[in-house]
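I opened this entry to look up a few things in the structure. My notes follow the display.

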Amino acid sequence: MWKSEQGLTVNELLLAVAIVSVLSAEAYNALVSSSQRLVLQNGIIEMQTDARAAMDFMVRELRLAFGPPTISTTVTTNDTITFDRLEDAGYSSGSNTITTLNDTRKTWSSSNFTTSYTVGIISGTGAGQARSISAHTSTRLTVSSPWDTPPDSSSVYVITRRKAFTRTSASDNVLRYTAGGSVNQPLADLITSHTFSQPDAHTIGITLTAQTRNVDPKTGQKRQYTLTETVLRRN
Amino acid sequence: MRHGPRLLKEESGIALITGLLILMSLTTIGLFATNTTIVYQDISANLKESKQGFYLAEAGIQHARLFLVQHSDNWSSYASSTATPLITATQLFNLGTYTVTVQDAGGGGLRIRSTGSTPGQANVVIEALLRRNTSLFPCAVCARGTIALSGGTTTDSFDSSVSGYTEYNPLTAGSNGHVRSSNGDISLSGDGTQVQGNATAGGSGTVSVSAGATVTGTTTNGAPPLAFPPVDTSPCGSPPAYSVSDGITGGDYDPSTGELQASDGTTVILAPGTYCFRNVKLSGGGILQVNDAVKIYLDIKNSGEKSDFAAGSSGGVVNTTGKAENLQIFSLSSSQEIKLRGGTQVYMAVYAPNSTITFSGGGDIYGAMVGHTITDSNGTKVHYDVHLNSLAGSGVVMLAWRQVF
């Protein structure tokens, strides 16, 4: 320590700068590498979260499908599934007219059903008929066209809404969700492909593949994640 | 003493500062990564909780459904106008609890609502609409009118969906060989005559058990009448269109009259499917054989005709599948007589609530029978297949299922 009081020689200074440079370069590399790994890990988690959320939502909705769904191709093979989602069900309480169906046990709110909802009779008097709902009160549905056979208190009805999962572009990687047949709302992005299948009458298979938003700096490619689920239709 | 510039004097501290800077940066990155991980762990935990809640609620629906199947006799007592507890909070290991309420849905239906609650306070609610469809074959021997069993006739039960009757024996056979009349007397007499189950007389009928006969279960008089669900006539049409010869091998069949006969030791084999006949007559050792699911509908075209099923004094029915559900015989007319004969492979279910059913030759019949009056004095052994009580379309049927939230 006492020797250093004599000052620094140029050689000492150069050596010190060299050592600090090497140490700084190593530290910088470590920082950049950690940062890249963090970004990659975040990207992977985002991809997995998107895929799981999309899958979870589709499973929940498809469980409620009433009757067999229709699987078709819009952009890629079997990427669209159209189904009638069960919204409510019950027995009519009777006293129906040719354009109404009553269920006095219900307390529907005024905005429950719009014209994109359908009421169908599945059992009892008038079974097999389905009509659009044109208006409703808390206990009465009014249908858009008269019943051929008006339902009575033996009639079991179901209220459904046509929904679909699909995509509209091969490049935007967005899984879309259609309610009521007209609006394509984005459900999840980062979904590069998905397919639906029907192994048997009550089962729906879903496979979807998601990818990270950014490339993996090590491989120069985007990471991918594939999920497969089987849904048992309850209705 | 010389005093150099302060910075130059303490240059060795630069390593400490550099080290601290690196540590700070790494700590920031570490904290950020930890925070992100915690957020995504929370997301995963929520997903797990919601799935756990869903399966708890589903368990509640299944529990309630099974409960209602087992207590279907009290079905109407659960139809209250407000939601009433059906299954109280039931803990499923340490996964959480489910609670089920029941309410009248009108039209004879019930609405059950199951709530699955996890320890993490996730609640999932599932609602189901249920209906009870009366079984066509609720007992071993069911009659609209009287039942008279004597000469060592016995009833017991087994479940063909579990195993064949050969896996049982008279000691282990089930005690569901119930005998039930809707509105008529039940007479049980003679040594060895035994009902391994309940004897229940409906309406103004009474059960009489004379010396030598036994009832292992309960004996009830004046029970409510039985419901006899109408038979679907569509397979035959109205007036009936008798089956063509397709699928019928052997024997003698006339599609114009709907008469199927097997005599002199011949065997008539029916391919799987549904048939509409007027008569089935097996005589002289003639055999009616089925190897897969067959339903036979018996009906007449003109009033005054008779529509019989006669197994004759020898021969009879052979159902190689070992399951009564695979040979179901329905009578659509009231001018009909059913004569059955037991044997080693007589697995059949007969639904003829307007017809007389008699037996010959003793032997075993595995299945169930529903008639207007049922009489046996030959010691036939009726082994009720309880699986017939839960055939498709009977029992508790779920009409609609939905996850409310």
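**Entry 1: the contact.** I am working with a predicted model. I first looked up who takes part in the contact. Chain A gives 34 residues and chain B gives 25 residues. The largest share comes from α1(A), with 15 residues. I then sorted that side of chain A by class and got 14 nonpolar, 13 polar and seven charged residues.

**Entry 2: a sheet in chain B.** Next I traced an open sheet of four strands in chain B. The order is β15-β18-β21-β24, and the pairing is mixed. Which strands stand at the edges? I found β15 (248-249) and β24 (316-319) of chain B there. Each has a single partner strand, so one side of each has no neighbour in the sheet. I followed β15(B) to its partner β18 (residues 267-270) of chain B; the two are antiparallel, with two bridges. T249(B) sits opposite I269(B) of β18(B).

**Entry 3: D159(B).** I found D159(B) in the loop between β7 (154-158) and β8 (179-181) of chain B. Is D159(B) buried, partly exposed or exposed? I noted 19 C-beta neighbours inside 10 Å, so D159(B) counts as partly exposed; buried would need 20 or more. Leaving out residues up to four places away in sequence, D159(B) touches D385(B), V386(B) and H387(B). D159(B) and D385(B) are 226 residues apart in sequence, yet their C-alpha atoms are 5.2 Å apart in space.

Terms used:
Residues numbered from 1 in each chain as written. Chains lettered and ligands numbered in written order. Predicted model: local features only at pLDDT ≥ 70, side-chain atom pairs only at ≥ 80, totals over all residues. Contact = placed C-beta atoms within 7 Å. Nonpolar A, V, L, I, M, F, W, Y, C, P; charged D, E, K, R; others polar. Pairing = 2+ DSSP bridges. Buried ≥ 20, exposed ≤ 12 C-beta atoms within 10 Å, placed from the backbone.
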